[in-house]
Amino acid sequence: MRPLAEIRCFLLDLDGTVYLGDRLIPGAREFIDALRRLGRRYCFLTNNSSRSKAAYVDKLTRLGIAVEPGQVMTSGEATALYLKARQPGARIFLLGTEDLAREFVQHGFALVDKAGQPDWVVLGFDTTLTYQKLWDACDLIRQGVGYIATHPDFNCPLPGGRYMPDAGAIIAFIEASTGHRPKVIGKPNAEIIEAALALTQTPPGYSAMVGDRLYTDVAMARRAGLVSVLVLSGETRAEDLAGTPDRPDYVFPSVRELGLALERESRGEQGGEKCAGNGSGK
Ligand SMILES: [Mg+2]
């Protein structure tokens, strides 16, 4: 396993890793400051395709985290980059918000309606969805138009234990009508990691994915050949590590301890808290 001190780039999950809802995880600011001090690259990844990069830059800045637009990758942008590499300037029928529409226009795509002979149906977290849009999308997909979705989450968690139906629920509606499922770009698929690594220009073996979920963040890191770091500040408890097929390379209580270990190792001291034995994550 690659020592922490050799990792040049950190891809960071947001909710459960950097913040919980609107509260910063204690030590997250110091962790980001340590990355900057040590000259490490970092990029925040989010599956939420209903909001723009600018919205995340605003939120992180408000929480005191140093970030520029080039350090945020949404599943919406990753989808636009994926299509741009395959069919630049394609005609897109979009199920998505104004923010997502702007993202696609910025990447040179033409947004068209059903009559505009779209090359692709792109499905995002569309909080402006109408029955007519769903119907048109089903017609197009049934006719064989390419079909791609930004991310697979069924629900978007809200503070107070509430949920908003998310892109995965819209995918399920369309599948019920047409029998078709889309190509999906966001976590836990590796395409969003590939888009982020292209942005940070770091090879996967020298990059780490840091997140709070075994079955998305850790599974995706392993699949894409990145070092995987689990933090226990969000969804996963230490006891969940027993028997998981998605074993992380490193486990820390939160990014605070990851930052401290990185600083220690970068000074040439020992003390990386590797994930040793079965379920003994520290
Ligand atoms: Mg998370």
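1. In helix α1 (residues 28-37), A28, F31, I32, A34 and L35 are buried, where buried stands for 20 or more other C-beta atoms within 10 Å of a residue's own, exposed for 12 or fewer, and C-beta atoms are placed from the backbone. Because these residues cover an arc of only 155° around the axis, they lie on the same side of α1, the arc being that of the directions from the helix axis to the C-beta atoms. R36 and R37, on the other side of α1, are exposed. Helices (H or I, at least four residues) and strands (E, at least two) are DSSP runs, numbered from the N terminus.

2. The buried residues of α1 pack against β1 (9-13), β2 (19-20), β3 (23-24), β4 (41-46) and α9 (255-266), and α1 is followed by G39, whose phi is positive, near 75°.

3. This is a predicted model, in which local features need pLDDT of at least 70 and side-chain atom pairs count only at pLDDT 80 or more, whereas totals for chains, interfaces and linings use all residues. Residues are numbered from 1 along each chain as its sequence is written.

4. E77 is placed in helix α3 (residues 75-86), and it counts as buried because it has 25 C-beta neighbours inside 10 Å.

Definitions and conventions
Two residues are in contact if their C-beta atoms, placed from the backbone, lie within 7 Å.
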